[in-house]
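Hello,

Here is the structure I promised to pass on to you.

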Amino acid sequence: MRLILDTNILIAALITRGTPPDQLYKAWRDGQFTLITSELQIEEIRRVTRRDGIRFRIHPAEAGRLVNDLRRLAATIENLPTIDISPDPYDNFLLAMAQAGQVDVLVSGDKRDLLALSRHQRTHMPAA
């Protein structure tokens with residue numbers, strides 16, 4: 001199975017242990033599914049983990065480990081198609097990753113924008 005974990009899910013996994021985001025993160029690290037990512041998402045993670053509101057909750061070494069794990073263990077999609085579907089234009093790269101990576105499920109906590117679509121081509125976006 002091929003999944004995308006939205007940046008908000010990956011960040012939540014580092015902040016709140018034992019929660020569904022953390023369980024998904026551990027399942028990926030245990031090889032239970034293939035995680036799809038892109039350099040755009042890795043850069044977003046680097047930006048978000050440096051914000052004042054997040055930086056004090058996540059140790060820099062944990063953020064660095066996440067980035068390194070993504071680069072080492074995830075399948076990276078390099079050539080993303082141009083997509084303009086999401087109500088939030090900053091989420092379009094996730095839909096592009098889903099399309100290019102033939103992703104089965106995109107997991108996000110973004111109910112207002114991304115999850116409101118519920119599906120993009122073959123990719124399901126179930127509500128949490």
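The buried residues of α2 pack against β1, α1, β2 and α5; here buried means under 20% relative accessible area, with exposed over 50% and partly exposed in between (1.4 Å probe, protein chains only). Those residues are Pro21, Asp22, Tyr25, Ala27 and Trp28. Helices (H or I, at least four residues) and strands (E, at least two) are DSSP runs, numbered from the N terminus. After α2 comes Gly31, with a positive phi near 80°.

Please keep in mind that this is a predicted model, where local features need pLDDT of at least 70 and side-chain atom pairs count only at pLDDT 80 or more, while totals for chains, interfaces and linings use all residues. Residues are numbered from 1 along each chain as its sequence is written, and side-chain values use heavy atoms, leaving out hydrogens and water.

Now to the strands. β1 (residues 2–5) pairs with β2 (residues 34–37) in the parallel sense over two bridges, and with β4 (residues 105–107), also in the parallel sense, over three bridges. Two strands count as paired if DSSP finds at least two bridges between them. Leu3 is a handy residue to look at: it stands opposite Leu35 in β2, and its bridge partner in β4 is Val105.

Next, the interior. A nonpolar core is a set of buried Ala, Val, Leu, Ile, Met, Phe, Trp, Tyr and Cys residues joined through side-chain atoms within 4.5 Å. The largest one has 24 residues, and Leu5 and Leu70 touch the most other members. At least two residues each come from β1, α1, α2 (20–29), α3, α5 (60–73) and β4, with α1 giving the most, five residues. A second, separate core has 15 residues, including Ile4, Ile77, Leu95 and Leu114.

Which residues does Leu70 contact, leaving aside its neighbours within four places in sequence? They are Leu10, Trp28, Leu35, Thr37, Ile42, Ile45 and Thr76, where contact means heavy atoms within 4.5 Å.

Finally, the largest pocket holds about 190 Å³ of space. α1 (7–15) and α3 (39–48) are the elements that give two or more residues to its lining. Among the lining residues are Asp6, Asn8, Glu44, Arg47 and Asp110. The lining divides into three nonpolar, two polar and six charged residues.For the terms in that last part, a pocket is an open set of points on a 1 Å grid over the protein atoms alone, where a 1.4 Å probe fits, with protein on both sides within 12 Å along at least five of seven lines; lining residues have an atom within 4 Å of a point. The volume is the space filled by probe spheres set on the points. Ala, Val, Leu, Ile, Met, Phe, Trp, Tyr, Cys and Pro count as nonpolar, Asp, Glu, Lys and Arg as charged, and the others as polar.

Best wishes
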